[in-house]
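Have a look at the model, then work through them in order.

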Amino acid sequence: MAAAPAAATTVSPADLAARLAAGQPHVLLDVREPWEADIAELPGSLLVPLDVVVRDAPGVAERLGDDPLVIICHHGPRAETARRLLEAAGAPGTVLEGGLDAWSREVDPSLPRY
């Protein structure tokens with residue numbers, strides 16, 4: 001018997017944009033710092049800095065609900081760290097490939113880059 005394929009751990013900016021445009025529910029978890037969110041953010045995202053996830057991944061996971069989780073940071077590494085911690089706490093999710101920087105380049109050029 002073949003093993004089930006592993007769930008994707010990333011989503012491209014174009015794929016996420018299409019899902020959001022289609023009205024598919026998502027939790028957009030932004031793990032950047034507040035000063036970064038002051039510069040640019042995805043509308044509707046929930047800001048929970050990575051250090052909060054590191055300190056209390058189970059508590060963060062508990063508050064996320066059941067909608068598909070997409071984790072966002074500036075370029076992707078912090079989001080991947082958060083993804084691993086939250087998955088271990090029972091909240092599997094995906095990482096936005098290339099982070100908010102890629103979103104700005106590929107989906108919404110009006111979003112400031114930094």
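**Ground rules.** This is a predicted model, where local features need pLDDT of at least 70, side-chain atom pairs count only at pLDDT 80 or more, and totals for chains, interfaces and linings use all residues. Residues are numbered from 1 along each chain as its sequence is written, and side-chain values use heavy atoms, with hydrogens and water left out.

**Exercise 1. How many salt bridges does the model hold?**

Start with the rule: a side-chain nitrogen of Lys or Arg has to sit within 4 Å of a carboxyl oxygen of Asp or Glu. Apply that rule and you get 8 salt bridges.

**Exercise 2. Take the salt bridge between R78 and E36, and work out where each partner lies and how accessible it is**.

Step one is the distance: N to O comes out at 2.9 Å. Step two is the location. R78 belongs to helix α5 (residues 77–88) and E36 to helix α2 (residues 34–39), so this pair links distant parts of the chain, 42 residues apart. Helices here are DSSP runs of H or I with at least four residues, numbered from the N terminus.

Step three is accessibility, with a 1.4 Å probe and protein chains only: buried means under 20% relative accessible area, exposed over 50%, and partly exposed in between. R78, at 25%, is therefore partly exposed, while E36 is buried because its value is 3%.

**Exercise 3. Describe how α1 and α6 pack**.

Two packed helices are described by the angle and the distance between their axes. For α1 (residues 13–21) and α6, the axes, which are lines fitted to C-alpha atoms over the stretch in contact, come within 9 Å. They cross at roughly 75°, on a scale from 0 to 180 degrees between N-to-C directions. The helices are therefore roughly perpendicular (65 to 115 degrees).

Next, list the contacts (heavy atoms within 4.5 Å): P13, L16, A17 and L20 in α1 meet A102, W103 and E106 in α6. By class, that gives 6 nonpolar, no polar and 1 charged residues.

Key: Helix = DSSP H or I, 4+ residues; strand = E, 2+ residues; numbered from the N terminus. Parallel < 35°, antiparallel > 145°, perpendicular 65-115°, else oblique. Nonpolar A, V, L, I, M, F, W, Y, C, P; charged D, E, K, R; others polar.
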